[in-house]
Amino acid sequence: MTIVLAVLMALFYLQGLAKFGLWLLVPYSTRIRRISSYYARDQRVISLYDTVTLVCVVAVVVLQFASGMNAPSFVAGLLVGMNLIQIFFHRFNRPLPDDRRPPAPAPPNMTMSYAIQARPALGWREIIIMAVLSAWALYVIVAQVILG
């Protein structure tokens with residue numbers, strides 16, 4: 001059970017690190033075209049991704065409880081993660097230029113996605129913290145749990 005949990009968590013961390021890398025390596029026009037295509041399909045792709053991610057999150061929590069997790073560490077990680085994401089979202093408080101706005105009428109989540117893609121550097125502090133914590137967590141999971 002510990003190996004399954006470790007592999008699942010490692011995949012989460014790899015996905016998170018890949019997202020930060022994409023902001024640095026993939027040009028805005030390519031990123032926004034991809035995002036736009038997800039919204040153009042009634043957000044079905046986003047809804048499917050969210051559902052799969054939610055199932056994986058629930059699985060991680062269930063496996064954590066089943067393997068005798070350290071509750072204070074879990075709660076600390078939960079609080080840090082929730083607050084980092086909230087602060088990250090708050091960084092995107094500047095109006096988008098006309099050429100970077102989603103087509104109207106845009107739902108709030110689409111506007112936020114466009115704002116993040118337009119200027120991901122606004123959340124640079126949170127991105128660095130999340131990337132460092134993700135890299136460290138991935139190292140710990142691979143070195144201590146998977147490789148022993």
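The dialogue below goes through salt bridges, aromatic pairs and a surface patch in a predicted model.

Colleague: How many salt bridges does a search of the whole structure find?

Modeller: Side chains of opposite charge can pair when their charged atoms come close. In this predicted model, the search finds two salt bridges. One joins the side chains of Arg91 and Glu126, at 2.9 Å from N to O. This pair links distant parts of the chain, 35 residues apart: Arg91 is in the loop between α4 (71-90) and α5 (108-118), and Glu126 is in helix α6.

Colleague: Is Glu126 buried or exposed?

Modeller: Glu126 has a relative accessible area of 4%, so Glu126 is buried. Arg91 has 27% and is therefore partly exposed.

Colleague: Which residue forms a salt bridge with Asp98?

Modeller: Arg101 does, and the closest N and O atoms are 2.8 Å apart. Asp98 counts as exposed because its relative accessibility is 62%. Arg101, at 45%, counts as partly exposed.

Colleague: What does the charged end of Arg100 sit over?

Modeller: The ring of Tyr28, with the charged end 3.7 Å from the ring centre.

Colleague: How many aromatic pairs does a search of the whole structure find?

Modeller: A pair of aromatic rings is described by the distance of the centres and the angle of the planes. Here the search gives five aromatic pairs. One of them is Phe20 with Trp23, a tilted pair with 6.0 Å between centres and 50 degrees between planes. Phe20 and Trp23 are three residues apart in helix α1, so about one helical turn separates them. Both residues are buried. Trp23 also pairs with Phe88; that pair is stacked, at 6.0 Å centre to centre and 20 degrees between the planes.

Colleague: Why does the pair of Trp23 and Phe88 tie together parts that are apart in sequence?

Modeller: Because Trp23 lies in helix α1 and Phe88 in helix α4, the pair connects parts that are 65 residues apart in sequence. Phe88 counts as buried, at 5% relative accessibility, and Trp23 counts as buried at 13%. Phe20, Trp23 and Phe88 belong to one aromatic cluster together with Phe89 and Phe92.

Colleague: Which residues make the nonpolar surface patch?

Modeller: Ile3, Val7, Leu11, Leu14, Val142, Val145, Ile146 and Leu147 make the patch, which covers about 670 Å². Helices α1 (2-25) and α6 (124-146) each supply at least two of its residues. The largest share, four residues, is from α1.

Colleague: Where is Leu11 found?

Modeller: In helix α1. Leu11 has 52% relative accessibility, so Leu11 counts as exposed.

Notes
Residues are numbered from 1 along each chain as its sequence is written. This is a predicted model: local features need pLDDT of at least 70, side-chain atom pairs count only at pLDDT 80 or more; totals for chains, interfaces and linings use all residues. Side-chain values use heavy atoms; hydrogens and water are left out. Patches are made of residues with over 30% relative accessible area and no salt bridge: like charges are joined within 9 Å, nonpolar side chains (Val, Leu, Ile, Met, Phe, Trp, Tyr) within 5 Å. Accessible areas come from the Shrake-Rupley method with a 1.4 Å probe; for residues, only the protein chains shown count as cover. A salt bridge is a side-chain nitrogen of Lys or Arg within 4 Å of a carboxyl oxygen of Asp or Glu. Buried means under 20% relative accessible area, exposed over 50%, partly exposed in between (1.4 Å probe, protein chains only). Rings of Phe, Tyr and Trp (its six-membered ring) pair if their centres lie within 6.5 Å; planes under 30 degrees apart count as stacked, over 60 as edge-to-face and the rest as tilted. A charge sits over a ring if NZ of Lys or CZ of Arg is within 6 Å of the ring centre and within 35 degrees of the ring normal.
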